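The sequence and the structure are shown first.

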Amino acid sequence: MYIPAKSVPKKQRLTAKQRAKQTKAGILLALLVILISASWAIWQADRAPRDTTSAEQVLQHDLKALWEWSDDQLRSGSQGASWSIRWNATSKVGSMKELVQNLFVDEKGIASDKIEQNEGKTVTGALPKYSGKLTISLVKSDSRNEELMVVLETGASQPLDPKKLLQATADISGQLVLFSPAFTSSMKVQGYTDHEQTIQRLTRLTDARSVDRYEDRGTISETFYTRMLHSAIVVENGKSANFQIALHKDTNSDNTELAIGIPVITGEYSVSKAESP
């Protein structure tokens, strides 16, 4: 039986107009794919966590360590103590104004109340989102740079959440590095202690070696160096130090006040004086 072969239809050739139309559609499709890919990359970049600088890492590490070390030494624990965290930075002219605008806002981005002093060189205000008072000061300026000091202070009137304190310092550091990635920081915790051997307990806990000691009129202050901390400074005798403990006997109440600073204590040793307006 004869079976006729299947006829293969001839491929129809496109006209020049059809080929041009097809080429244009291909180009548009390619551009659309590129646009979608670029938008996805930008969205992912916005979602990705920002790499922290070494200055931010030092602050977060040492703050966590200080919270843990002081928790068992203070009568009310670390959450019931007074905290002070300070940042020092050198940045371009105009940085303070921008920093004030970025930091003095509530959690919804609405401007918070603040007080300007010293001809606008000091701005301070209570920020509930940080559980404390924030102060930004213009320490020194010239035609090119500004030296800034930022201080966050919390009181002992209400328990402090350690996660909230760490987040607050991370937020402030994150804003500051936009103007000065290489800032320096220090911190202090203050409260009352019931332990007579507080300094000895802390030195055993931190494996610290003594660098300097001072004792006078009911106050004992001793400076140490420990490898457990990331920050350090050089003190008068040329040695490195990063940890200071001060005990002060309050003659009015007969309480023993404890202050611990990294790398050293700044401000008052006395809890009552530090918390007074």
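The sections below move from the whole chain to individual elements and residues.

## Basis of the model

The model is predicted, so local features require pLDDT of at least 70 and side-chain atom pairs count only at pLDDT 80 or more, while totals for chains, interfaces and linings use all residues. Residues are numbered from 1 along each chain as its sequence is written, and side-chain values use heavy atoms, with hydrogens and water left out.

## Overall make-up

The protein chain contains six helices and twelve strands; helices (H or I, at least four residues) and strands (E, at least two) are DSSP runs, numbered from the N terminus. Of the 277 residues in the protein chain, 38% are buried. Here buried means under 20% relative accessible area, exposed over 50%, and partly exposed in between (1.4 Å probe, protein chains only).

The accessible surface of the protein chain is about 17600 Å², and carbon and sulfur atoms account for 52% of this surface. Accessible areas come from the Shrake-Rupley method with a 1.4 Å probe; for residues, only the protein chains shown count as cover. Contact means heavy atoms within 4.5 Å. Among contacts in the protein chain between residues at least 6 apart in sequence, those joining residues at least 24 apart make up 58%.

## Aromatic pairs

Rings of Phe, Tyr and Trp (its six-membered ring) are paired if their centres lie within 6.5 Å; planes under 30 degrees apart count as stacked, over 60 as edge-to-face and the rest as tilted. This rule gives three aromatic pairs. In one of them, the ring centres of Trp67 and Trp83 are 5.3 Å apart with the planes at 15°, so the pair is stacked. The pair links distant parts of the chain, as Trp67 lies in helix α2 (residues 54-71) and Trp83 in strand β1 (residues 82-92), 16 residues apart. Trp67 is buried at 13% relative accessible area, and Trp83 is buried at 2%.

Phe224 and Phe243 form a tilted aromatic pair, with 6.2 Å from centre to centre and 50° between the planes. Phe224 belongs to strand β8 (residues 219-225) and Phe243 to strand β11 (residues 243-249), so this pair ties together parts that are 19 residues apart in sequence. Phe224 is buried, with 2% relative accessibility, and Phe243 is buried, with 0%. Together with Trp69, Phe224 and Phe243 form one aromatic cluster.

## Helix α5

Helix α5 (residues 198-206) has Thr198, Ile199, Leu202, Thr203 and Thr206 as its buried residues. Viewed down the axis of α5, these buried residues fall within an arc of 130° , so they line one face of the helix; the arc is that of the directions from the helix axis to the C-beta atoms. An α-helix has 3.6 residues a turn, so residues three or four places apart point the same way.

The packing partners of the buried residues of α5 are α2, β6 (184-193), β7 (209-216), β8, β11 and β12 (256-262). Asp207 follows α5 and has a positive phi, near 55°.

Thr223 is located in strand β8 and is buried at 9% relative accessibility. Not counting residues up to four places away in sequence, Thr223 touches residues including Arg209, Asp212 and Phe243.

Leu103 is located in helix α3 (residues 95-103) and is buried at 1% relative accessible area. Leaving aside neighbours within four places in sequence, Leu103 is in contact with Leu127, Lys129, Tyr130, Leu134, Ile136, Ile172 and Gln175. The C-alpha atoms of Leu103 and Gln175 are separated by 7.6 Å, and the two residues are 72 residues apart along the chain.
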